[in-house]
Amino acid sequence: QVQLVESGGGLVQAGGSLRLSCAASGRTVSDRAMGWFRQAPGKEREFVAALRWSGSSTYYADSVKGRFTISRDNAKNTLFLQMNSLKPEDTAVYYCAADSPRQTYSTNLYRIPSTYDYWGQGTQVTVSS
């Protein structure tokens with residue numbers, strides 16, 4: 001079992017930055033694909049960013065490309081999401097997710113919530129205009 005705990009959310013003005021963290025415990029996540037998703041009130045959960053377990057391939061939603069950066073620190077068993085130039089439409093609860101070990105997929109599957117087996121409880125990000 002993998003437990004994921006997100007932190008780093010908060011209230012920020014438009015144009016500001018936040019860095020989300022997702023601390024994993026129970027198992028290493030260095031050999032797992034991991035992703036960030038978000039869900040705004042009344043909307044479905046949507047893909048934000050993901051990275052493969054091997055290599056350095058990363059994937060981003062078009063809406064965040066160039067503003068957000070996903071990364072991991074394997075020594076700390078932690079996933080990060082650096083969010084810059086935040087916009088009011090980025091307001092949502094942000095969730096991190098982890099896959100089963102050593103799974104590789106076509107690019108589109110990293111964008112689908114059902115690909116991932118473990119989820120955190122989420123952290124609220126609110127961007128004021």
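Modeller: A disulfide is taken here as a pair of cysteine sulfur atoms within 2.5 Å. By that criterion, a search of the whole structure finds one disulfide. Please note that this is a predicted model, in which local features need pLDDT of at least 70, side-chain atom pairs count only at pLDDT 80 or more, and totals for chains, interfaces and linings use all residues. Residues are numbered from 1 along each chain as its sequence is written, and side-chain values use heavy atoms, with hydrogens and water left out.

Colleague: Which residues form the disulfide, and how far apart are their sulfur atoms?

Modeller: The disulfide is formed by Cys22 and Cys96, with 1.9 Å between their sulfur atoms. The link is right-handed, with 40° about the S-S bond. Cys22 belongs to strand β3 and Cys96 to strand β9, so the pair ties together parts that are 74 residues apart in sequence. Strands here are DSSP runs (E, at least two residues), numbered from the N terminus.

Colleague: Are Cys22 and Cys96 buried or exposed?

Modeller: Both Cys22 and Cys96 are buried. Buried means under 20% relative accessible area, exposed means over 50%, and partly exposed lies in between (1.4 Å probe, protein chains only).

Colleague: What does strand β3 pair with?

Modeller: Strand β3 (residues 18-25) is joined to strand β8 (residues 78-83) by six bridges, and the two run antiparallel. Two strands count as paired if DSSP finds at least two bridges between them. Within this pairing, Ala23 stands opposite Thr78 in β8.

Colleague: In what order do the strands of that open sheet come?

Modeller: The order is β1-β3-β8-β7, four strands with antiparallel pairing. β1 (3-7) and β7 (68-73) are at the edges with a single partner strand each, so one side of each has no neighbour in the sheet. From one strand to the next, the twist averages 15°; the axes are lines fitted to C-alpha atoms, and angles run from 0 to 180 degrees between N-to-C directions.

Colleague: Turning to β5, why is it described as largely enclosed?

Modeller: Five of the six residues of β5 (residues 46-51) are buried, so the strand is largely enclosed by the rest of the structure. Strand β4 (residues 32-39) runs antiparallel to β5 and is joined to it by five bridges, with Trp36 partnered by Ala49. β5 also pairs in the antiparallel sense with strand β6 (residues 58-60), over three bridges, and there Ala50 has Tyr59 as its partner.

Colleague: Which glycines sit in the hairpin turns?

Modeller: The β4-β5 hairpin has six residues between its strands, with Gly42 in the turn at a positive phi of about 75°. The β5-β6 hairpin also has six residues between its strands, and Gly55 in the turn has a positive phi of about 75°.

Colleague: And which residue other than glycine has a positive phi?

Modeller: Most residues other than glycine have a negative phi. Asn77, however, has a phi near 55°; this residue is in the loop between β7 and β8 and is buried at 13% relative accessibility. Arg102 also has a positive phi, near 55°. Arg102 lies in the loop between β9 (92-101) and β10 (118-119) and is exposed, with a relative accessible area of 54%.

Colleague: Last topic: where does Thr123 lie?

Modeller: Thr123 lies in strand β11 (residues 123-128) and is buried at 10% relative accessibility. A polar atom of the Thr123 side chain is 3.2 Å from the backbone nitrogen of Gly9.

Conventions:
Polar contact = N/O pair within 3.5 Å; in protein donor to acceptor, adjacent residues only side chain to side chain.
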